[in-house]
Amino acid sequence: MADRTPAPAYQATKGSPLDVDKDFYSKIGSSTSRKLTESFELPIRSGKAFSVPRGHVCRISTPYGPQVGDLNLWARDNPRERFWASRTRQLHRSHVTTFDRLWSCLPYLRPMCTIVSDTLAGYHDNFGGRVHDLLGTRCDPYVNQLLSGKAFDFHCHSNLTRAILPFGLVESDVHDVLNVFQVTGLNSDGQYYMEPCPATSQDYFEFFAEIDLLCALSTCPGGDLSAWGWGKESGCDDMLACCRPLVVEVFKLTDSTLLEGWESPKSAAYSGVHGLQMPMF
């Protein structure tokens, strides 16, 4: 059989929501007409929740060097609408980059944000792995206990849980993440692997909020994942030296012409009957 590349299951046909206006989002990503509205440094092995209003840009950066961050998204006024990692992976790719969108769960199914800048765009390792991972999910204390027999309270799942409590959310609201700056792939046996984070002090990842967002970000306790392993104890393990803070900045666009013609996307138009209404014959 001749070599071939299978076509993607979900096609970005002309005019569809997958066919983004690259010129529009390129201008947003490159614009310097911005006003900083919020900025904070996220310490190692911690989490923080924050709002990004629709029409604003959020930047996550690595000014101290390589560090993985686990990102969750909710609709700010309706946390039942939250990021759907698996559908995003199907609609775009296993590792997202500029012009890809992060989509919300059913029954909403709309783009929550669009990636407008990615200094690591095009990165891949020697095994086919890429950066900004949707293949995996957050590390958590349950699987750590299962595999190592040890308890650890500062996995990304726990960091995100603590971060959202002030917003009235609970552990069950934490969901599958976008692993920002994380390099992953599948080996020849189809098994998930992780490689060290390639980010430098100059790298960043930016997204444009399509709707009002509540975001939560965790600095992964594995840091840059160069010494990753199960069952390490807090404060005395090799991974601690690999951990660095992340910086988050939220910007308001001050050039009003940039958003001319843009509208916040509406939820999917499906009526939601699911065949429960008897047809009229």
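Q: Is H95 buried or exposed?
A: H95 counts as buried because its relative accessibility is 6%, where buried means under 20% relative accessible area, exposed over 50% and partly exposed in between, using a 1.4 Å probe and protein chains only. Please keep in mind that this is a predicted model, in which local features need pLDDT of at least 70, side-chain atom pairs count only at pLDDT 80 or more, and totals for chains, interfaces and linings use all residues. Residues are numbered from 1 along each chain as its sequence is written, and side-chain values use heavy atoms, with hydrogens and water left out.

Q: Where does H95 sit in the chain?
A: H95 is in the loop between α2 (85-91) and β6 (101-103); helices (H or I, at least four residues) and strands (E, at least two) are DSSP runs, numbered from the N terminus.

Q: And what does the side chain of H95 make a polar contact with?
A: The partner is the side chain of T184, at 2.7 Å, and the H95 side chain also reaches the backbone oxygen of R130 at 3.5 Å. A polar contact here is a pair of N or O atoms within 3.5 Å; within protein, one must be able to donate a hydrogen and the other to accept it, and residues adjacent in sequence count only if both atoms are side-chain atoms.

Q: Which residues does H95 touch, not counting those up to four places away in sequence?
A: They are D100, R130, V131, H132, D133, L135, T184 and G185, with contact meaning heavy atoms within 4.5 Å.

Q: Switching to R110, is that one buried or exposed?
A: R110 counts as buried, because its relative accessibility is 16%. R110 lies in the loop between β6 and β7 (111-118), and a polar atom of its side chain is 2.8 Å from the backbone oxygen of P265. Leaving aside neighbours within four places in sequence, the contacts of R110 include E81, W103, I211 and P265.

Q: How many residues of helix α4 are buried?
A: In α4 (residues 156-164), 8 of the 9 residues are buried, among them H157, L160 and I164. The cover over those buried residues includes β2 (47-52), β4 (69-75), α3 (141-148) and β12 (213-219).

Q: Last one, zooming out: how many helices and strands are there?
A: The protein chain has 4 helices and 13 strands. Buried residues make up 49% of its 281 residues, and of the contacts between residues at least 6 apart in sequence, 76% join residues at least 24 apart.
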